[in-house]
Amino acid sequence: MCAPTGFSLGGVPVPVTDLRSHPVPDAVDAEAWTLRVTGAVDRSLRLSAAALESFPLETVTDDFACAEGWVADGLAWRGIRVGELLERAGPSAEAEHALLRAMDGDYACSFPLETLSDALLGVGLDGEPLPVEHGGPARLVPTGPDRDCWESVKWVSEIRVGETRFPDADTAKETALSRLE
């Protein structure tokens with residue numbers, strides 16, 4: 001499990017100066033990337049990276065702690081609050097959850113809409129465009145105190161809004177923890 005700050009391994013903090021990455025799956029094509037907002041919404045959206053520039057951007061600076069036992073201190077994420085995207089799509093009155101899918105087609109994570117709305121869709125990192133090896137062109141940056149590292153979905157390509165959780169499609173925790181074995 002990942003802690004938001006103060007993470008340690010065996011009681012000893014393991015700081016790193018940069019966010020580590022895993023190999024980029026072949027299915028990830030940053031040039032062809034779009035973000036879709038689908039499901040229980042009034043208006044389905046299909047947004048290019050250029051279209052995201054029409055949304056207000058903000059910066060969140062925080063540490064990132066990974067279940068692998070390392071911490072990247074003081075990362076400055078630049079992006080759009082997911083709530084802004086959801087507001088434009090207009091979730092139905094019954095909608096309570098969303099599933100975020102990565103462009104790789106395998107990785108997905110389910111969230112209550114209330115939690116997801118506060119998260120940032122990161123498009124920049126430390127003053128530069130978000131590189132593909134760190135989840136660019138868009139990566140979910142959860143901002144709540146109870147977040148886990150596997151919730152930081154890279155290459156977000158779809159936000160599917162629904163009335164209930166998506167337990168069968170939520171692969172994030174299992175995938176992330178399988179890397180520890």
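**Legends to close-up views of a predicted model**

**View 1. Helix 2 and its buried residues.** In helix 2 (residues 82-89), the buried residues are Val82, Gly83, Leu85, Leu86 and Ala89. They lie on the same side of helix 2, because they cover an arc of only 160° around the axis. The arc is that of the directions from the helix axis to the C-beta atoms. Buried means under 20% relative accessible area, exposed over 50%, and partly exposed in between (1.4 Å probe, protein chains only). Helices (H or I, at least four residues) and strands (E, at least two) are DSSP runs, numbered from the N terminus. Residues are numbered from 1 along each chain as its sequence is written, and side-chain values use heavy atoms, with hydrogens and water left out.

**View 2. The largest nonpolar core.** This core has 49 residues, and Leu52, Leu85, Leu116, Leu140 and Ile159 have the most contacts inside it. A nonpolar core is a set of buried Ala, Val, Leu, Ile, Met, Phe, Trp, Tyr and Cys residues joined through side-chain atoms within 4.5 Å. Leaving aside neighbours within four places in sequence, Leu140 is in contact (heavy atoms within 4.5 Å) with residues including Val82, Leu100, Phe111, Leu116 and Val156. Buried residues make up 46% of the 181 residues in the protein.

**View 3. Val141 in strand 12.** Val141 is buried, at a relative accessible area of 8%. With neighbours within four places in sequence left aside, its contacts are Trp77, Ala119, Leu120 and Gly122. Val141 and Val82 are 59 residues apart in sequence, and their C-alpha atoms are 9.6 Å apart in space.

**View 4. Ser157 in strand 13 (residues 156-162).** The relative accessible area of Ser157 is 13%, so the residue counts as buried. Not counting residues up to four places away in sequence, Ser157 touches Trp33, Thr34, Leu35 and Arg36, as well as Arg101, Ala102 and Met103.

**View 5. Backbone at Asp126 and Trp155.** Most residues other than glycine have a negative phi, and most peptide bonds are trans. Asp126, in the loop between strand 10 (120-125) and strand 11, has a positive phi near 50°. Trp155, in the loop between strand 12 and strand 13, has a positive phi near 55°. Asp126 is partly exposed, with a relative accessible area of 43%, whereas Trp155 is buried at 6% relative accessibility.

**View 6. The cis peptide bond from Gly136 to Pro137.** Omega of this bond is near 15°. Pro137 belongs to the loop that runs between strand 11 (128-129) and strand 12 (139-141).

**View 7. Arg139 and the ring of Phe64.** The charged end of Arg139 sits over the ring of Phe64, 5.4 Å from the ring centre. A charge sits over a ring if NZ of Lys or CZ of Arg is within 6 Å of the ring centre and within 35 degrees of the ring normal.

Methods:
This is a predicted model: local features need pLDDT of at least 70, side-chain atom pairs count only at pLDDT 80 or more; totals for chains, interfaces and linings use all residues.
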